Every structure is written in C-alpha cells, then in structure tokens.
Amino acid sequence: MEKKKVLFVCLGNICRSPSAEAVFNRMIKREGLADLFEVDSAGTSGWHAGELADRRMQSHAIKRGYNLTSLSRKFEPYHDFDHFDMIIGMDDSNIGNLKRMARNANDLKKIYKMTDFSRRFDYNEVPDPYYGGSEGFELVLDILEDACEGMLHKIKSNEI
Ligand code: 4NP
C-alpha cells in the first residue's frame, strides 16, 4: 500500500501544527501503523522558519510525553500540494490561506480542517494559543488528541 502523506498546517508552525504532528506520530506508532504514513507540518507565514517549537508549547507537550523536535518551515504550495494527500489546517484563517494557494480542484480536495475530525470536543477551530495563557496550550493538546484519533479512525475505515 502506498504511504498516506499528511501535512498539518497552522500560521507559525511553532505551536499547533508541530503538536499535531507529534500527537499523530505517537498514535500511529502505538498502533503499529507508522510505516503506512508520512507526517510533516508547516506554517503559512514562514515567520519562524528554522526555529524549534515555541518553548511554552514544548513544555506543555512534554508533560504529556510529546517531544516537539520538528523545525518550523513555510508551506510551499507547489511542492506541498503535489506531494501530500491530506493538508490539514488548524483554523479558518489557515483554511482560507490554503484555499487561496490551491491551483485547482485536486488541490482543494486535499484541504481539511482539523476540528472536522473531532469526536468529543465541540470547537470548530484549534484556537491560536500564541498570545494567551497556559490554558490555551493545554486546550490545543486536548483538541488535537481527540481530533487526531477521529482522523485516524476515518482513515482506517477508508472514509478518507
Ligand atoms: P501557531 O501559533 O500558528 O500555532 O504556530 C502562532 C505562532 C506565532 C505567531 C502566531 C501564532 N506569531 O504571531 O508569530
């Protein structure tokens, strides 16, 4: 089976999308499915390119056992729309930016919103935690753990 290639996208690629990458990676590893996936993350802005995840995000993530090691990079429309099968934005602004960069219907079909996979939580975005307090970073992880589970379930049952 060909690998499913998934790319998580937020604004800075230092808080939400690197966390989504770590959450999803641990989930597929635990289920013995890691070889069936390629997982990456990117930011629409490129403002923090080359940086590790935000220190606050790292410290909340490590408390749950997630080591955020990926370096921020800017979303590259030509490469990323061609290479990845699923491009998953964290909020409506990310989705709007991705849709504007899409070149055709095939690119558009690859765009998903993270919270569309939520099962327990009722948020319709993963809220940007950057300018808020520590509860925002915990909420990001709570929403991501739930939505990644929902996403993996849909992939496993061939709904995506
Ligand atoms: P992220 O959070 O999109 O989840 O990585 C942000 C990171 C940086 C900024 C905004 C949001 N910023 O304004 O630099």
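## Ligand site

A backbone N or O atom of Cys 15 lies 2.9 Å from an oxygen atom of the ligand. The protein covers 94% of the 350 Å² of accessible area that the ligand has on its own (Shrake-Rupley method, 1.4 Å probe). This is a predicted model, in which local features need pLDDT of at least 70 and side-chain atom pairs count only at pLDDT 80 or more, while totals for chains, interfaces and linings use all residues. Residues are numbered from 1 along each chain as its sequence is written, and side-chain values use heavy atoms, with hydrogens and water left out.

The residues surrounding the ligand include Cys 10, Gly 12, Arg 16, Trp 47, His 48, Asp 128, Tyr 130 and Tyr 131 (a heavy atom within 4 Å). This shell divides into 7 nonpolar, 3 polar and 2 charged residues; Ala, Val, Leu, Ile, Met, Phe, Trp, Tyr, Cys and Pro count as nonpolar, Asp, Glu, Lys and Arg as charged, and the others, Gly among them, as polar.

## Nonpolar cores

The largest nonpolar core has 36 residues, of which Phe 8, Phe 24, Met 114 and Met 151 touch the most other members. A core here is a set of buried Ala, Val, Leu, Ile, Met, Phe, Trp, Tyr and Cys residues joined through side-chain atoms within 4.5 Å. Helix α6 (134–156) is among the elements that give two or more residues to this core, and its 11 residues are the largest share. Helices (H or I, at least four residues) and strands (E, at least two) are DSSP runs, numbered from the N terminus.

Leaving out residues up to four places away in sequence, Met 151 touches Val 6, Phe 8, Phe 24, Met 86, Ile 88, Met 114, Phe 117 and Ile 160 (contact means heavy atoms within 4.5 Å). A second, separate core of 11 residues includes Leu 7, Ala 42, Ile 87 and Ile 95.

Val 39 lies in strand β2. Val 39 counts as buried because its relative accessibility is 16% (buried is under 20%, exposed over 50%, partly exposed in between; 1.4 Å probe, protein chains only). Beyond four places in sequence, its contacts include Val 6, Phe 8 and Phe 24.

Ser 45 lies in the loop between β2 and α2 and is buried, with a relative accessible area of 15%. A polar atom of the Ser 45 side chain lies 3.1 Å from the backbone nitrogen of Trp 47. Leaving aside neighbours within four places in sequence, Ser 45 is in contact with Leu 11, Gly 12 and Lys 74.

Technical notes
Polar contact = N/O pair within 3.5 Å; in protein donor to acceptor, adjacent residues only side chain to side chain.
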